[in-house]
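Let's take a walk through this one together. Have the sequence and the fold open side by side as we go.

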Amino acid sequence: MSNERIAFLKGHGTENDFVIVPDPDGRLELPASLVARLCDRRAGIGGDGVLHVVRSAAHPEARAMADEAEWFMDYRNGDGSIAEMCGNGVRVFARYLEHAGLVEPGDLAIATRAGVRRVHLAKDTAGPGTGEVTVTMGRAELPEEQVTVTVGGRSWPARNVNMGNPHAVAFVEDLDHAGDLLTAPPFSPAAVYPDGVNVEFVVDRGPRHVAMRVHERGSGETRSCGTGACAVAVAAARRDGDDPAITGSPVSYTVDVPGGRLVITELPDGTVEMTGSAVIVAEGTIDPAWLAAATA
């Protein structure tokens with residue numbers, strides 16, 4: 001691999017940014033150390049994670065989904081660890097497929113480790129790549145375990161929400177109470193999240209309107225987290241006494257993140273939809289000498 005010129009792109013969804021590595025035939029090996037180097041903001045390209053673009057039929061973890069979804073999002077966190085799902089990543093992944101001429105605006109399916117996700121690419125409104133992207137994120141699971149999150153001597157109860165990956169949602173008075181989020185906020189009991197957790201800190205901005213900061217496991221604080229925004233919206237709805245499965249009516253929350261704004265809608269069947277922007281900002285090739293050094 002070190003002798004090849006590997007193509008890459010850079011993209012972001014509400015400033016949750018990714019290195020995109022197209023590899024339709026699944027020929028590339030991406031060890032954790034290389035992913036971490038690619039995501040390094042000083043010595044690499046820089047990003048919160050890597051979107052490895054592979055045809056489902058060419059990847060052992062996705063072959064069973066190939067009849068339903070042609071493309072598999074092999075997502076890696078910024079530290080190189082493998083993640084089940086990334087909501088902003090799915091939007092950027094879909095935007096890349098459109099950018100590369102592999103799909104047209106409209107509906108498509110993308111395979112992930114959390115299952116197949118349905119995506120709608122809206123037609124562009126103000127130039128290429130400006131149409132919003134809506135992702136059907138699946139149903140939220142609300143495990144019963146009680147969780148406590150602690151930062152700087154303060155502790156809060158947190159709602160346990162699973163969106164294909166685990167989240168702990170804490171409602172606070174001030175987002176500054178989350179601290180610097182450079183390290184993972186402690187939580188208890190530890191057994192609830194044996195593989196770590198994404199932690200969201202949330203404040204109210206108005207009716208069905210909240211703002212959040214997040215520590216993503218494996219990445220630290222990010223400018224946005226799609227699955228986190230979904231978890232926050234569901235947790236806020238339950239706190240506010242809204243459950244579409246009971247009322248029969250969809251409920252939508254606007255979720256402000258440091259990098260922008262997402263709209264999250266929970267439908268009566270429990271399905272959660274996320275709508276937001278997705279942008280491709282650059283593309284090029286990885287220098288073979290740098291790659292050789294990074295994989296040595």
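Predicted model: local features only at pLDDT ≥ 70, side-chain atom pairs only at ≥ 80, totals over all residues.

Let's begin with strand β1, which covers residues 6-13. Of its 8 residues, 6 are buried, so the strand is largely enclosed by the rest of the structure. Part of its surroundings comes from strand β18 (residues 279-286), which pairs with β1 in the antiparallel sense over 7 bridges. If you want a place to look in that pairing, find F8, which stands opposite G284 in β18.

β1 also pairs with strand β2 (residues 16-22), again in the antiparallel sense, this time over 5 bridges. Here L9 stands opposite I20 in β2. The two strands make a hairpin with 2 residues between them, and T14 takes a positive phi near 45° in that hairpin.

Stay on β2 for a moment, since it leads us to the aromatics. There are 3 aromatic pairs in the structure. One of them joins F18 and Y75: the ring centres are 5.9 Å apart and the planes sit at 75°, so this pair is edge-to-face. It ties together distant parts of the chain, with F18 in strand β2 and Y75 in strand β4 (residues 71-77), 57 residues apart. Both F18 and Y75 are buried.

Another pair is made by W156 and F201, edge-to-face with 5.7 Å from centre to centre and 80° between the planes. This one also links distant parts of the chain: W156 belongs to strand β9 (residues 154-162) and F201 to strand β12 (residues 198-206), 45 residues apart. Both W156 and F201 are buried.

In soluble globular proteins, nonpolar side chains tend to be buried together. The largest nonpolar core here has 51 residues, and M73, M212, V255 and I264 have the most contacts inside it. Helix α3 (residues 226-239) gives the most to this core, with 9 residues. Apart from this core lies another, of 18 residues, with A168, A170, L175 and F201 among them.

What does M212 touch, leaving aside residues up to four places away in sequence? Its contacts include L175, F201, C225, V232 and V255, along with the charged residues E200 and D256.

Definitions and conventions. Residues numbered from 1 in each chain as written. Heavy atoms only, no water. Buried < 20%, exposed > 50% of the residue type's maximum accessible area, 1.4 Å probe, protein only. Helix = DSSP H or I, 4+ residues; strand = E, 2+ residues; numbered from the N terminus. Pairing = 2+ DSSP bridges. Phe/Tyr/Trp six-rings, centres within 6.5 Å; stacked < 30°, edge-to-face > 60°. Core = buried A, V, L, I, M, F, W, Y, C linked by side-chain atoms within 4.5 Å. Contact = heavy atoms within 4.5 Å.
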